[in-house]
Amino acid sequence: MPIRVAHVGTGNVGGLALAELIANPAYELIGVCVSTPEKVGKDAAELCGVGLDGTAHAGVATGVKAVDDLDVLLAARPECIVYCAMGDTRLPDAMTDVMRILAAGINVVGSSPGLLQYPWKVMPDKYIARVEDAAQRGKSSLFITGVDPGFANDLIPFALAGTCQRIESVRCMEIHDYASYDGAEVMHYMGFARPMDEELPMLLQPGVLSIAWGTAIRQLAAGLGIEIDEITESYQREPAPEDFDIAVGHVAKGTLAALQFEIRGMVKGRPVIVIEHITRLRPDLRPDWQQPAAGGGSYRVEITGEPSYAVDIVPTSRKGDHNHAAIAGAAGRIVNSIPAVLAAPPGIRTTLDLPLVSGKGLYTPSDLVAT
């Protein structure tokens, strides 16, 4: 029997996750919830631009119409809700939604709230306790993931670390050109195309980086048995040398066009676990910063130890560029984790708790793949 699922949020990650739920016979989509009035009443297939076979064509309907009321989804009693609504800029609302779903006895797998990827020592205990209480009351489980923070700095480094004899440090990097990324809200949150002399964007406010990627630092530390003394952060910014345009609009000369930041888990004054991001809006900006391994973007995991590793992950897609491919990976990790989360004990689950999600059942002969 297919798993009965409902879906919340049809943005960048949510749209791709919804497409997979429609195309994968392991799932039966029974509801979709949206926040944009123009999307209400539209068929789920139309919202993500796919037909029932997963190909990008119009004229095929699922019969599942979008609503703007979470209670409608709860009343339908799915086994799992895939929650991909924006969480970065609406954390209290996202937390409330997730707790309502869990308390109703419905499992949650999704991309937000990001702090729930690994909240311990990142969020106050009282907030974690509220989520755990909701899960225990509903006998339901929660798994939040993504790409970075997400599988690029938990699943992949853990797999490599499991082959080591000794580990001295771990560094996880995202090196991406965001010119084609069409997430205007996220770009604004990071400060891109905004004047350098105005108030710092939300992401660069003191302590925000350490909270946003603290989940990744803390989970790596827990999995490796490392006691972190403190988490520190730093950033560098580079202005646009001239006017140019990107997917989300215009970048004026002098506004933010490249950003590098680090979040460091410190042990006795040494950076032992480091998350680094290098984000450009044009590939020629700050050539002295690390460059992607190929194309417009890549992820890198560096482990110093015995043996040492430097592993580059270059996401590609037949349906888009590196940004699309990375988001597709996040969506795939979310949807493919559903069976493991349903089988897990109630509560907040993490990569450390779940069995290996292997991609079972995803094989498709190349001659059947839509291009």
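Which strand pairs with strand 4 (residues 80–83), in what sense, and over how many bridges? The partner is strand 5 (residues 107–110), and the two run in the parallel sense over 4 bridges. Two strands count as paired if DSSP finds at least two bridges between them. Strands themselves are DSSP runs of E with at least two residues, and helices are runs of H or I with at least four, both numbered from the N terminus.

Some housekeeping before I go on. This is a predicted model, in which local features need pLDDT of at least 70 and side-chain atom pairs count only at pLDDT 80 or more, while totals for chains, interfaces and linings use all residues. Residues are numbered from 1 along each chain as its sequence is written, and side-chain values use heavy atoms, with hydrogens and water left out.

Contact means heavy atoms within 4.5 Å.

Leaving aside neighbours within four places in sequence, Asp 97 is in contact with Leu 70, Tyr 83 and Arg 90. With Arg 90 it forms a salt bridge, the closest N and O atoms being 3.3 Å apart. The criterion is a side-chain nitrogen of Lys or Arg within 4 Å of a carboxyl oxygen of Asp or Glu. Asp 97 is buried at 16% relative accessible area, and Arg 90 is partly exposed at 24%. Buried means under 20%, exposed over 50%, and partly exposed in between, with a 1.4 Å probe and protein chains only.

The whole structure has 15 salt bridges. One of them joins Arg 194 and Glu 198, with closest N and O atoms 2.5 Å apart. Another joins Arg 286 and Glu 238, at 3.3 Å between the closest N and O atoms. Arg 286 sits in the loop between strand 12 (270–280) and strand 13 (297–306), and Glu 238 in strand 8 (residues 230–239), so this pair ties together parts that are 48 residues apart in sequence. Arg 286 is buried at 18%; Glu 238 is partly exposed at 24%. Salt bridges with shared partners also link Arg 171, Glu 262, Arg 264 and Glu 276 into one network.

What is the strand order of the open sheet with 6 strands? The order is 8-11-12-7-13-14, and the pairing is mixed. Strand 8 and strand 14 (309–313) are the edge strands, each pairing on one side only. From one strand to the next the twist averages 10 degrees. Strand 13 and strand 14 pair in the antiparallel sense over 5 bridges, and Val 301 stands opposite Val 311 in strand 14. Helix 9 packs on this sheet, touching strand 7, strand 8, strand 11 and strand 12, and its direction makes about 145 degrees with that of strand 12.

Helix 9 (residues 214–224) has 8 of its 11 residues buried, so the rest of the structure largely encloses it. Just after helix 9, Gly 225 takes a positive phi of about 70 degrees.

Last, the nonpolar cores. A core here is a set of buried Ala, Val, Leu, Ile, Met, Phe, Trp, Tyr and Cys residues joined through side-chain atoms within 4.5 Å. The largest has 52 residues, and Leu 203 and Leu 281 have the most contacts inside it. Strand 11 (residues 256–267) gives the most to this core, with 6 residues. The core draws at least three residues from each of domain 1 (3–144 + 326–348) and domain 2 (155–314), where the bounds come from an automatic or database domain assignment. A second, separate core of 30 residues includes Ala 45, Leu 47, Ala 340 and Ala 344.

Conventions: Axes fitted to C-alpha atoms, helices over the stretch in contact; angles between N-to-C directions.
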